[in-house]
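Thank you all for coming. I would like to walk you through one structure this morning, beginning with a pocket and ending with a pair of strands.

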Amino acid sequence: QVQLLESGGGSVQAGGSLRLSCLFSGYDKRNYDCIGWFRQAPGKEREGVAGRAAVGLGIETHYSDAVKGRFTISLDNAKNTLYLQMNNLKPEDSAMYYCATASGICPPNLAPADFAYWGQGTQVSVSS
């Protein structure tokens, strides 16, 4: 059973930065299962933001077009923690952010329906 606990959300002004953390247990430390970040704003569908998984001898990372170049996903196995570094934040980044895991490689477009285990989320608010 995978358990996930997000933290690090908060309120920032546009252009600012935040780093989200997701403490996990039960997740395959070989990292072959996809683990990622998602967000959901009020009235909108949940969307994949960033994901990563080991493929062969390397790590594949995936980012949505909306965050590419501004957000960075990383993982520290020693600390059992997944991170999302968010820079140059925009008001449209405001949402509840979740981490989640899927079986196997990351699915196309990080489709939320393919992720089985979810944390409870952490709120990010960006003011203009």
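The largest pocket holds about 160 Å³ of space, where a pocket is, on a 1 Å grid over the protein atoms alone, an open set of points where a 1.4 Å probe fits, with protein on both sides within 12 Å along at least five of seven lines, and the volume is the space filled by probe spheres set on the points, joined across faces, edges and corners. Please keep in mind that this is a predicted model, in which local features need pLDDT of at least 70 and side-chain atom pairs count only at pLDDT 80 or more, while totals for chains, interfaces and linings use all residues. Residues are numbered from 1 along each chain as its sequence is written, and side-chain values use heavy atoms, with hydrogens and water left out.

Ser64 itself lies in the loop between β6 and β7, and it counts as buried because its relative accessibility is 16%, the cut-off being under 20% with a 1.4 Å probe and protein chains only. Leaving aside neighbours within four places in sequence, Ser64 is in contact with Gly48 and Val49, that is, with heavy atoms within 4.5 Å.

Turning to β7 (residues 71-76), Phe71, Ile73 and Leu75 make up its covered face, and Thr72, Ser74 and Asp76 the uncovered one.

Key. Buried < 20%, exposed > 50% of the residue type's maximum accessible area, 1.4 Å probe, protein only. Helix = DSSP H or I, 4+ residues; strand = E, 2+ residues; numbered from the N terminus. 1 Å grid on protein atoms, 1.4 Å probe; cavity = no way out; pocket = protein on both sides within 12 Å on 5 of 7 lines; lining within 4 Å.
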